[in-house]
Amino acid sequence: MSPDDFRESAALYAAGALDPVTARRFERYLRTASADERREVREMIETASLLPLALPESTVPSHLRNLLLTEITQATSHRSILTTRTTPSDLSATRRLLIAATVILALGCGFLFWQNRQLAAERNRLTAELNSNTQQLAAARQQLEEIVSPATRVISLSGDAAPQASAKMIWDTRQQQLIIYLYNLPAQPADKDYQLWYLTSDQRRISAAVFRADAQGRGEVRLSVPASIAPLLTAAAVSLEPKGGSPQPTGRIFLKGEV
């Protein structure tokens with residue numbers, strides 16, 4: 001069964017508009033249908049069950065109710081006359097009207113089903129976007145709290161080798177945690193990495209981290225300052241080294257900041 005034939009039969013089946021033979025044939029097909037097809041039929045049936053709820057509520061005026069009762073009484077008293085006057089053409093016309101109404105109902109079910117799918121997709125998109133924004137807001141709030149904390153020092157890093165590059169080092173002196181945000185670093189060759197160094201008061205150069213900047217020259221480094229280094233830390237620097245890092249700085253110093 002082609003996808004178009006399936007959707008047409010599913011819409012008519014959900015509306016109860018298939019004849020018994022065709023309905024049984026369609027039910028047999030559903031036994032081996034895919035999970036997506038079965039789910040689509042279930043959603044169409046649920047949508048069709050909601051159609052009566054879409055009708056506006058209204059109160060029948062008393063004069064129309066009386067007129068309807070009069071018509072019913074007259075139709076009952078002349079049932080035999082009406083029966084004898086019913087012709088095959090009348091029955092055919094009635095059948096066509098019923099088929100037309102069924103098709104309209106099926107199309108309505110299909111439209112509501114499509115509309116529900118669109119609304120569900122939009123709801124999922126908005127939910128994902130909201131979750132992403134919430135995570136970004138939480139991260140920004142955390143960064144702000146880290147910066148304004150009384151125990152936090154903010155140190156700027158710059159250098160002559162790449163004047164456009166810069167970095168902010170946030171040092172939590174209570175927890176001895178470092179967060180460094182780097183911007184506009186030159187693109188590193190495939191065989192090179194950037195390396196962060198601790199510079200101490202006893203003239204040592206101690207490797208702190210090896211990292212790579214992204215396509216926009218941005219990077220982020222988070223680390224803990226060892227207790228043996230924190231009291232001696234006087235500066236931090238970033239150099240370009242062979243891939244994997246070096247025991248001591250060998251390349252140009254791109255960024256440096258005094259602690």
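Lysine 192 touches Arg212, Leu240, Glu241, Pro242 and Lys243 in this predicted model, leaving aside residues up to four places away in sequence. The place of lysine 192 is in strand S4. Although lysine 192 and leucine 240 are 48 residues apart along the chain, their C-alpha atoms are separated by 6.6 Å. Lysine 192 is partly exposed, at a relative accessible area of 29%.

Arginine 212 lies in the loop between S5 and strand S6 (219-224), whereas aspartate 193 is in strand S4, so the pair ties together parts that are 19 residues apart in sequence.

As a general point, side chains of opposite charge can pair when their charged atoms come close.

| Arginine 39 | Glutamate 43 | 3.9 Å |

Glutamate 43 and arginine 39 both belong to helix H3 (residues 35-50); they are 4 residues apart, so about one helical turn separates them. Glutamate 43 is partly exposed, with a relative accessible area of 23%, and arginine 39 is also partly exposed, at 30%. Their bridge is part of a network of salt bridges that links Asp36, Arg39, Glu43 and Arg117.

**Strand pairing**

Strand S1 (residues 152-157) and S2 run antiparallel and are joined by 6 bridges. Within this pairing, valine 154 has isoleucine 170 in S2 as its bridge partner. S2 also pairs with S3, again antiparallel, through 7 bridges. Here serine 166 stands opposite tyrosine 183 in S3. In a regular strand the side chains alternate between the two faces of the sheet.

**Positive phi in two loops**

Most residues other than glycine have a negative phi. Two glutamines in this model take positive values, and each is placed in a loop between strands.

Glutamine 176 lies in the loop between strand S2 (166-172) and strand S3 (177-183). The hairpin of S2 and S3 has 4 residues between the strands, and glutamine 176 takes its positive phi, near 55°, there. Glutamine 176 is partly exposed, with a relative accessible area of 22%.

Glutamine 203 is found in the loop between strand S4 (192-200) and strand S5 (205-211). Its phi is near 70°, a positive value in a residue other than glycine. With a relative accessible area of 61%, glutamine 203 is exposed, because this value is over 50%.

Notes. Residues numbered from 1 in each chain as written. Predicted model: local features only at pLDDT ≥ 70, side-chain atom pairs only at ≥ 80, totals over all residues. Heavy atoms only, no water. Buried < 20%, exposed > 50% of the residue type's maximum accessible area, 1.4 Å probe, protein only. Salt bridge = Lys/Arg side-chain N within 4 Å of Asp/Glu carboxyl O. Contact = heavy atoms within 4.5 Å. Pairing = 2+ DSSP bridges.
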